[in-house]
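Please take a look at the sequence and the model below.

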Amino acid sequence: MSFVKLPVLSHGLTIRHEEIVSAETIHERNGSARALMQNMGLDALAIYRDGATNGPVCYLTNYPCYRLGRRAFAILGLEQGPFLYTAEPSRNIPRVRLFTSCDLENARDYFSAACSQAKHLAGSGTIGLVGGERLSLSDAAKVENEFSGVALKDISENFYAMMAAKDGSSLKATRKALKLAELGCGIMDEEVAGAKDLWHMAAVIDYRSRLLGCEDTNILLGCARKGKIRPGYPDHTQPKPGDILVAYIAIRYARHWGVIGRTLSVASANEALTRKLNSLNEVQKEIASRVRANTTLAQVEENIRVAGREKGLVFTEDMPVVSGIGFDISEYPLGPTDRVGENTVLQVVLAEDGESNDQTVWRVDMLQITDAGGTWLTGQA
Amino acid sequence: MLPPSGEMRSRWQKIREAMASYQIGGILVFSNQINPEPIHYLANYTLVGEKAFCYLPAAENQPVLFISEPWNHERAVSESGFKDVRVIGKSFFHEIATLCKKYGEPLGIAGRENMTRVDIVALEAAISRETLSATRLLEDAATVKSPYELDLIRAASRMADAGFERAIQVARLGLSDFELAAEIDYAVRNMGATENFQMLAVGRDNTGMHLPNGKKIESGDLLLFELTPAFGSITYSAQLCNTAIMGNLPDLVKEKYAILTEALEESLLVIKEGVRMGEVVRIQDEIISRGGYGEYCKPPYMQQRGHGFGLGSIKLKAEVTKCFEKGMSLVVHPNQFIPETGYLALGEHIIVTANGIERLTRIKPKIYECSAK
């Protein structure tokens with residue numbers, strides 16, 4: 001499950017952000033990838049990504065697989081690379097260094113050229129593939145053809161798990177992104193009192209965030225007087241006094257997503273809602289002490305659900321309670337058995353509909369997991 | 001946004017007629033975050049989350065929508081108006097197999113090449129036979145737009161005009177490219193644009209359009225715009241390409257831009273139902289070559305001279321032998337790299353009619369001079 005809306009048409013300010021993600025960081029990340037290669041007996045790494053999940057390529061090169069190129073390969077050798085290959089390179093080559101940490105290879109058939117580079121680096125050795133599960137049927141056939149007769153090992157899970165442990169740069173970028181998301185939430189607070197419909201509220205948040213230099217936004221809103229409310233692609237619903245509004249505001253900055261979700265009452269305060277929100281806030285505070293690194297995502301979720309039940313809140317089953325977030329809105333850990341390691345950042349969704357689906361309250365926050373427990377990033381930036 | 005009564009039935013009817021000629025018993029349309037347009041075309045569903053499928057039987061039965069996000073179920077029901085909206089779960093492939101058994105085989109999949117191999121293997125195992133690609137079928141069905149769809153594109157074109165007007169209004173010395181992009185976005189979103197695929201370039205040595213990188217506008221900079229608001233779905237996008245300059249327009253730039261203007265006007269004159277699409281490219285390339293820039297009329301400088309958007313889109317390339325049909329919609333853009341000036345942008349969105357074209361863009365094809373406020 002994911003909260004991503006539509007193709008992400010990133011055309012906000014897209015720069016290198018070296019003050020956040022330094023050359024040294026990129027060097028260290030490539031070093032971590034090479035250490036993983038050595039541990040797994042690999043001689044080259046071929047990492048494939050598309051516009052919907054750009055994380056692993058971005059991790060090594062700072063290249064966002066935005067919609068125009070939208071597909072990319074990063075090829076890494078034990079001593080060489082990374083080499084970056086993207087669809088439609090001619091558009092990017094002249095200015096690619098303004099936003100990536102490596103050059104872009106000029107190849108008309110990026111796919112074939114990337115595979116050739118991986119084969120060249122591996123020699124008679126083994127190539128590790130990352131992103132095999134993202135390959136479409138036609139691209140999977142191409143990979144099979146390109147790597148025919150070559151020892152190929154899919155190490156996607158290992159790579160994703162490695163990346164999930166956020167380094168200092170990623171945490172810094174995440175905090176900046178979250179700060180913008182929090183500002184967006186503040187804008188929502190202001191706008192909810194006005195006469196704007198959901199569509200126009202989202203437009204204002206998007207506009208003001210872009211003026212502050214964000215790369216992209218992902219804003220989902222929902223509004224109703226009572227009952228089960230879910231955020232969704234903003235429509236032209238006009239909030240009325242007494243309505244409940246649920247907002248999911250995600251902002252990308254320096255290739256990282258920051259997200260916040262809140263429940264707002266329109267115009268008049270609702271006592272029942274205030275009570276439920278207070279309970280939700282108490283649970284949120286409690287959660288930090290209930291989670292630990294080196295557990296599974298299912299264990300983290302169960303601990304959160306237990307904390308909720310202790311306060312009389314049963315969190316909904318139709319939304320993901322916890323999932324990884326960082327370069328992408330949905331990234332490892334995602335599955336119940338995925339490991340939650342030190343410095344993993346999780347998106348935590350606490351949503352409760354009431355006993356007879358009478359009133360939804362929700363909040364979404366970002367939680368950094370450490371050996372000592374959890375640290376809420378929300379409100380810290 | 002609900003389409004008018006009959007619009008969806010008419011789309012399904014077109015697809016069913018094509019299914020008969022493809023000899024398939026049902027079509028499964030696949031969308032993911034990279035290609036959300038097909039599901040919108042068939043089910044009027046705006047994809048949120050990972051993926052969605054829509055099954056349409058060849059027989060006159062209601063389609064079934066499958067979505068990946070359970071929390072979006074209510075919205076999917078209300079947007080699509082479908083009685084049968086299901087959440088993709090563990091039994092998904094068997095549900096498809098049941099539908100195939102009930103309504104007929106073989107199964108054609110639109111977007112089959114975009115599905116993962118794991119999913120295709122699981123699906124074919126469930127229905128115990130190979131599936132066929134129906135991508136072309138769906139693309140062809142969506143190429144000629146209905147009157148309702150053309151109205152959406154007309155609205156998108158008005159948004160593009162407004163976005164450009166806003167850009168000219170706010171452009172000033174020291175304004176950053178990303179702030180300019182934000183102003184355009186806000187203008188088009190306020191008019192209801194669902195998305196806006198946008199690129200621009202600010203500077204004097206542009207080789208093409210780029211992502212905003214913080215460049216501040218200086219005196220004498222050329223501002224290149226490619227605005228593409230979409231209304232409802234990317235299939236209903238309209239593009240406007242144009243050029244402005246901060247300050248006074250030098251004669252050299254004016255002279256070179258006149259080549260592009262001539263290429264645009266002359267090529268638009270020939271477009272009508274039945275004309276080969278490659279003809280537009282031939283005319284534009286000939287005029288630009290006559291100006292001395294023939295070597296820049298091919299890759300990597302030039303990819304195509306126009307195109308449609310989303311589902312059923314067309315491409316204006318020299319080798320395309322397909323002919324224009326009434327009701328097609330596309331941007332025609334003689335955008336061109338010229339060594340003396342850098343890249344110059346010019347393009348208009350049109351609708352093909354029986355006897356010519358309807359020009360949707362109201363912005364005049366010329367270089368706009370922004371005063372250095």
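## Strand pairing in chain B

Strand 10 of chain B runs antiparallel to strand 11 (residues 329-332) of chain B, and two bridges join them. In this predicted model, G306(B) stands opposite V332(B) of strand 11.

The pair belongs to an open sheet of four strands in chain B. The strand order is 10-11-14-15, and the pairing is antiparallel. Strand 10 (306-307) and strand 15 (357-359) of chain B each have a single partner strand, so they stand at the edges and one side of each has no neighbour in the sheet.

## Helix 10 of chain A: length and faces

Helix 10 of chain A covers residues 297-310. At 1.5 Å a residue, its 14 residues should span 20 Å. The end C-alpha atoms are 20 Å apart, so expectation and model agree.

Which residues of helix 10 of chain A are buried? They are L297(A), V300(A), E301(A), I304(A), A307(A) and G308(A). Seen down the helix axis, the buried residues fall within an arc of 125°, so they line one face of helix 10. An α-helix has 3.6 residues a turn, so residues three or four places apart point the same way. On the other side of helix 10 of chain A, R309(A) and E310(A) are exposed.

Just after helix 10 of chain A comes G312(A), with a positive phi of about 80°.

Definitions and conventions: Residues numbered from 1 in each chain as written. Chains lettered and ligands numbered in written order. Predicted model: local features only at pLDDT ≥ 70, side-chain atom pairs only at ≥ 80, totals over all residues. Expected span 1.5 Å × (residues − 1). Buried ≥ 20, exposed ≤ 12 C-beta atoms within 10 Å, placed from the backbone. Arc of directions from axis to C-beta. Pairing = 2+ DSSP bridges.
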